[in-house]
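Me: I have a model open and would like to learn how to read its features one at a time. Please give the general idea first, then the case.

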Amino acid sequence: MTQPDSIDAVQSMLGSQGYVCGRALATVVFLSLKLGRPLFLEGEAGVGKTEIAKALAAGLNRRLIRLQCYEGLDASSAVYEWNFPAQMVAIRTAEASGGADRGTLQTELFSDEYLIERPLLQAMRSDEHGAPVLLIDELDRTDEPFEAFLLEALSDFQVTIPELGTVKAPEPPIVIVTSNRTREVHDALKRRCLYHWVDYPDFDREIEILHARAPEAAEALSREVVAFVQHLRTEDLFKKPGVAETIDWAKCLLALDVINLSPEVIGDTLGAILKYQDDIQKLQGSEAKRILDQAKASLEPA
């Protein structure tokens with residue numbers, strides 16, 4: 001599929017993949033595609049930052065390459081590794097057969113045959129469907145040295161393998177960087193990207209999302225679920241539920257054939273929306289009923 005030629009086309013394309021987004025997010029996605037700039041998405045966990053990369057790849061019929069960041073991630077792990085076990089087998093085989101000379105063997109050992117490509121190198125390779133979507137997920141989990149390396153890689157869209165030379169992307173990948181803001185990412189990298197803060201959706205937007213991702217849910221139940229989660233996010237919780245939890249909870253309720261929310265049902269299924277025991281403990285007893293009453297009251301016509 002060719003790239004969308006308008007903001008409305010971006011919304012339509014993402015919507016066809018079950019991703020409902022507002023015009024502000026669609027605008028920054030359109031500009032990222034149009035200008036060939038990386039897109040930096042920041043926001044709480046579970047608000048749909050990763051999902052937009054998946055929807056974009058599916059909508060454009062491009063390959064999705066995901067680099068999941070973690071503490072201690074370094075350049076070599078993100079770019080390439082050599083297949084040492086296979087190299088050792090080749091060395092033993094050559095020794096046993098009295099094979100190739102040392103120079104020839106070294107050339108063979110450090111060839112594409114023994115190269116394990118990691119996400120950044122994969123993203124630099126040509127693809128028949130066009131430049132892939134490179135998702136650099138949860139960058140805030142890494143440290144500053146990796147950020148500095150990434151800044152250089154995204155500036156030139158090339159990586160260097162000492163034994164093979166420099167690999168430059170024939171067409172720059174579509175880059176989406178996400179952060180849960182557990183720490184601040186350096187300004188130099190942010191300036192390289194277009195930036196957007198992905199917030200929790202309002203009631204109407206979250207209803208749209210739930211209709212798209214759990215269409216089998218009845219309208220009344222969907223409205224109660226979204227209203228309850230929206231009110232729950234105003235509580236003093238260690239981890240507020242994201243949109244992903246709203247969808248998961250609705251699917252759990254459907255599996256239990258629930259028609260309407262009740263304090264008892266909420267108490268039995270809290271593990272679908274809250275992931276910390278302290279938060280779950282706060283909603284025991286009358287608290288769940290209080291929030292449910294508030295949610296139902298907000299749904300009543302004025």
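Me: Which residues form the negative surface patch?

Reply: A patch takes residues with over 30% relative accessible area and no salt bridge; like charges are joined within 9 Å, and nonpolar side chains (Val, Leu, Ile, Met, Phe, Trp, Tyr) within 5 Å. Lys and Arg count as positive and Asp and Glu as negative, while His and the chain ends are not counted. A charge is placed at NZ of Lys, CZ of Arg, CG of Asp or CD of Glu. Here Glu71, Asp74, Asp143 and Glu144 make up a negative surface patch.

Me: What kind of model is this, and how are the residues numbered?

Reply: This is a predicted model, where local features need pLDDT of at least 70 and side-chain atom pairs count only at pLDDT 80 or more, while totals for chains, interfaces and linings use all residues. Residues are numbered from 1 along each chain as its sequence is written, and side-chain values use heavy atoms, with hydrogens and water left out.

Me: Is Glu144 buried or exposed?

Reply: Buried means under 20% relative accessible area, exposed over 50%, and partly exposed in between (1.4 Å probe, protein chains only). Accessible areas come from the Shrake-Rupley method with a 1.4 Å probe, and for residues only the protein chains shown count as cover. Glu144 counts as exposed because its relative accessibility is 55%. Glu144 lies in helix α8 (residues 144–156). Helices (H or I, at least four residues) and strands (E, at least two) are DSSP runs, numbered from the N terminus.

Me: What is Ser32 in contact with, leaving aside its neighbours within four places in sequence?

Reply: Contact means heavy atoms within 4.5 Å. With those neighbours left out, Ser32 is in contact with Arg37, Pro38, Leu39 and Leu194. Ser32 has its place in helix α2 (residues 23–35). Its relative accessible area is 7%, so Ser32 is buried.

Me: How many salt bridges does the structure hold?

Reply: A salt bridge is a side-chain nitrogen of Lys or Arg within 4 Å of a carboxyl oxygen of Asp or Glu. The structure holds 16 of them. One of these joins Asp8 and Arg23, whose closest N and O atoms are 2.9 Å apart. That pair links distant parts of the chain, with Asp8 in helix α1 (residues 7–16) and Arg23 in helix α2, 15 residues apart. Asp8 is partly exposed at 48% relative accessibility, and Arg23 is partly exposed at 45%.

Me: Which residue forms a salt bridge with Asp137?

Reply: Arg66 does, with the closest N and O atoms 2.7 Å apart. This pair too links distant parts of the chain: Asp137 is in strand β5 (residues 133–137) and Arg66 in strand β2 (residues 64–68), 71 residues apart. Asp137 counts as buried because its relative accessibility is 2%, whereas Arg66 counts as partly exposed at 39%.

Me: What else is in contact with Asp137?

Reply: Leaving aside neighbours within four places in sequence, the contacts of Asp137 are Thr50, Arg66, Leu67, Gln68, Cys69 and Thr178. Asp137 and Leu67 are 70 residues apart in sequence, yet their C-alpha atoms are 6.1 Å apart in space.

Me: What is the phi of Arg181?

Reply: Most residues other than glycine have a negative phi. Arg181 is not a glycine, but its phi is positive, about 60°. Arg181 is found in the loop between β8 (174–179) and α9 (187–192), and is partly exposed with a relative accessible area of 43%. Asn61 also has a positive phi, near 60°. Its place is in the loop between α3 (49–60) and β2, and at 44% relative accessibility Asn61 counts as partly exposed.

Me: How many helices and strands does the protein chain have?

Reply: The secondary structure comes to 15 helices and nine strands. Of the 302 residues of the protein chain, 45% count as buried.
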